[in-house]
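This briefing takes the structure topic by topic.

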Amino acid sequence: MGDSSASYIHMVQHLIEKCLIFHMSKEECMEALSKHADINQVITSTVWNELEKENKEFFEAYHTQTQSGDDRMSEAETNEMIQKMIADSKDSD
(Lines give C-alpha, C1' and ligand atoms only; values in the text may rest on other atoms or scores of the structure.)
Protein backbone atom coordinates (compact mmCIF):
# COMPACT_ATOMS: atom_id res chain seq x y z
CA MET A 1 0.00 0.00 0.00
CA GLY A 2 2.99 2.32 0.46
CA ASP A 3 3.50 2.90 -3.25
CA SER A 4 -0.18 3.56 -3.93
CA SER A 5 -0.41 5.93 -0.94
CA ALA A 6 2.66 7.85 -2.09
CA SER A 7 1.27 7.98 -5.62
CA TYR A 8 -2.07 9.29 -4.34
CA ILE A 9 -0.39 11.98 -2.21
CA HIS A 10 1.76 12.96 -5.19
CA MET A 11 -1.39 13.31 -7.33
CA VAL A 12 -3.02 15.50 -4.67
CA GLN A 13 0.12 17.61 -4.48
CA HIS A 14 0.10 18.01 -8.28
CA LEU A 15 -3.55 19.11 -8.24
CA ILE A 16 -2.85 21.59 -5.42
CA GLU A 17 0.00 23.03 -7.47
CA LYS A 18 -2.46 23.52 -10.34
CA CYS A 19 -4.85 25.28 -7.94
CA LEU A 20 -1.99 27.59 -6.96
CA ILE A 21 -1.47 28.48 -10.61
CA PHE A 22 -5.12 29.56 -10.68
CA HIS A 23 -4.63 31.71 -7.55
CA MET A 24 -7.04 29.68 -5.46
CA SER A 25 -7.12 29.91 -1.69
CA LYS A 26 -6.65 26.79 0.42
CA GLU A 27 -10.40 26.65 1.05
CA GLU A 28 -11.21 27.05 -2.65
CA CYS A 29 -8.72 24.32 -3.52
CA MET A 30 -10.13 21.96 -0.88
CA GLU A 31 -13.67 22.54 -2.18
CA ALA A 32 -12.68 22.21 -5.83
CA LEU A 33 -10.75 18.97 -5.37
CA SER A 34 -13.53 17.53 -3.24
CA LYS A 35 -16.17 18.44 -5.80
CA HIS A 36 -14.31 17.64 -9.01
CA ALA A 37 -11.80 14.93 -8.06
CA ASP A 38 -13.56 13.32 -5.06
CA ILE A 39 -10.57 14.03 -2.80
CA ASN A 40 -11.34 14.28 0.90
CA GLN A 41 -10.89 17.87 2.10
CA VAL A 42 -8.83 16.67 5.08
CA ILE A 43 -6.31 15.10 2.71
CA THR A 44 -6.09 18.26 0.59
CA SER A 45 -5.68 20.37 3.73
CA THR A 46 -2.96 18.09 5.11
CA VAL A 47 -0.97 18.06 1.87
CA TRP A 48 -1.41 21.85 1.53
CA ASN A 49 -0.12 22.35 5.09
CA GLU A 50 2.95 20.23 4.37
CA LEU A 51 3.63 22.21 1.20
CA GLU A 52 3.36 25.42 3.24
CA LYS A 53 5.89 24.10 5.79
CA GLU A 54 8.34 23.15 3.04
CA ASN A 55 7.90 26.36 1.03
CA LYS A 56 7.34 29.14 3.59
CA GLU A 57 8.67 32.00 1.46
CA PHE A 58 6.61 30.99 -1.56
CA PHE A 59 3.38 30.78 0.43
CA GLU A 60 3.99 34.10 2.17
CA ALA A 61 4.30 35.76 -1.24
CA TYR A 62 1.38 33.72 -2.58
CA HIS A 63 -0.94 34.78 0.24
CA THR A 64 0.02 38.43 -0.24
CA GLN A 65 -0.69 38.20 -3.97
CA THR A 66 -4.00 36.34 -3.65
CA GLN A 67 -5.28 38.70 -0.98
CA SER A 68 -4.99 41.57 -3.45
CA GLY A 69 -7.30 39.65 -5.80
CA ASP A 70 -5.73 41.05 -8.96
CA ASP A 71 -5.43 37.82 -10.92
CA ARG A 72 -8.64 36.09 -9.86
CA MET A 73 -10.64 34.11 -12.42
CA SER A 74 -14.40 33.85 -12.49
CA GLU A 75 -16.00 30.77 -10.96
CA ALA A 76 -16.89 29.47 -14.45
CA GLU A 77 -13.29 29.89 -15.63
CA THR A 78 -12.02 28.20 -12.50
CA ASN A 79 -14.39 25.24 -12.90
CA GLU A 80 -13.37 24.84 -16.54
CA MET A 81 -9.68 24.88 -15.67
CA ILE A 82 -10.16 22.38 -12.82
CA GLN A 83 -12.00 19.98 -15.12
CA LYS A 84 -9.17 20.26 -17.64
CA MET A 85 -6.42 19.71 -15.07
CA ILE A 86 -8.19 16.66 -13.65
CA ALA A 87 -8.67 15.22 -17.12
CA ASP A 88 -4.99 15.91 -17.90
CA SER A 89 -3.97 14.29 -14.62
CA LYS A 90 -5.96 11.13 -15.40
CA ASP A 91 -4.53 11.01 -18.94
CA SER A 92 -0.97 11.05 -17.61
CA ASP A 93 -1.56 8.04 -15.34
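Helices α2 and α3 are oblique to each other. Their axes come within 9 Å and cross at roughly 140 degrees. An angle over 145 degrees would count as roughly antiparallel, so this pair stays in the oblique class. The model is predicted.

**Packing of α2 against α3**
- Two packed helices are described by the angle between their axes and the distance between the axes.
- On the α2 side, the contact is made by K26, C29, M30, E31, L33 and S34.
- On the α3 side, the partners are Q41, T44, S45, W48 and N49.
- C29, L33 and W48 take part in this contact, and these residues are also among those with the most contacts inside the largest nonpolar core.

**Overall architecture**
- The protein has 5 helices and 0 strands.
- Along the sequence, the pattern reads α-α-α-α-α.
- The protein has 93 residues, and 30% of them count as buried.
- Take the contacts between residues at least 6 apart in sequence: 65% of them join residues at least 24 apart.

**Nonpolar core**
- In soluble globular proteins, nonpolar side chains tend to be buried together.
- Here the largest nonpolar core has 18 residues.
- The residues with the most contacts inside this core are I16, L20, M24, C29, L33, W48 and F59.
- Five helices each supply at least two of the core residues: α1 (2–21), α2 (26–37), α3 (41–54), α4 (56–68) and α5 (75–91).
- α1 gives the most to this core, with 5 residues.

**Aromatic residues**
- The count of aromatic pairs comes to 5.
- F59 is buried, with a relative accessible area of 4%.
- F58 and F59 also belong to one aromatic cluster, together with W48 and Y62.
- Within that cluster, W48 and F59 are also among the residues with the most contacts inside the largest nonpolar core.

**Positive phi in loops**
- Most residues other than glycine have a negative phi, and most peptide bonds are trans.
- H23 has a positive phi, near 60 degrees, and is not a glycine.
- H23 lies in the loop between α1 and α2.
- H23 is buried, with a relative accessible area of 18%. The cut-off for buried is under 20%, so H23 falls inside it.
- D38 is another residue other than glycine with a positive phi, of about 55 degrees.
- D38 sits in the loop between α2 and α3.
- At a relative accessible area of 69%, D38 is exposed.

- Which residue is 72 residues from H14 along the chain, with its C-alpha atom 10.0 Å away? The residue is I86.
- H14 is found in helix α1. H14 is partly exposed, with a relative accessible area of 31%.
- T46 and I9 are 37 residues apart along the chain, and 9.9 Å separates their C-alpha atoms.
- T46 is part of helix α3. At 45% relative accessibility, T46 counts as partly exposed.

Methods. Residues numbered from 1 in each chain as written. Predicted model: local features only at pLDDT ≥ 70, side-chain atom pairs only at ≥ 80, totals over all residues. Heavy atoms only, no water. Core = buried A, V, L, I, M, F, W, Y, C linked by side-chain atoms within 4.5 Å. Buried < 20%, exposed > 50% of the residue type's maximum accessible area, 1.4 Å probe, protein only. Helix = DSSP H or I, 4+ residues; strand = E, 2+ residues; numbered from the N terminus. Phe/Tyr/Trp six-rings, centres within 6.5 Å; stacked < 30°, edge-to-face > 60°. Axes fitted to C-alpha atoms, helices over the stretch in contact; angles between N-to-C directions. Parallel < 35°, antiparallel > 145°, perpendicular 65-115°, else oblique. Contact = heavy atoms within 4.5 Å.
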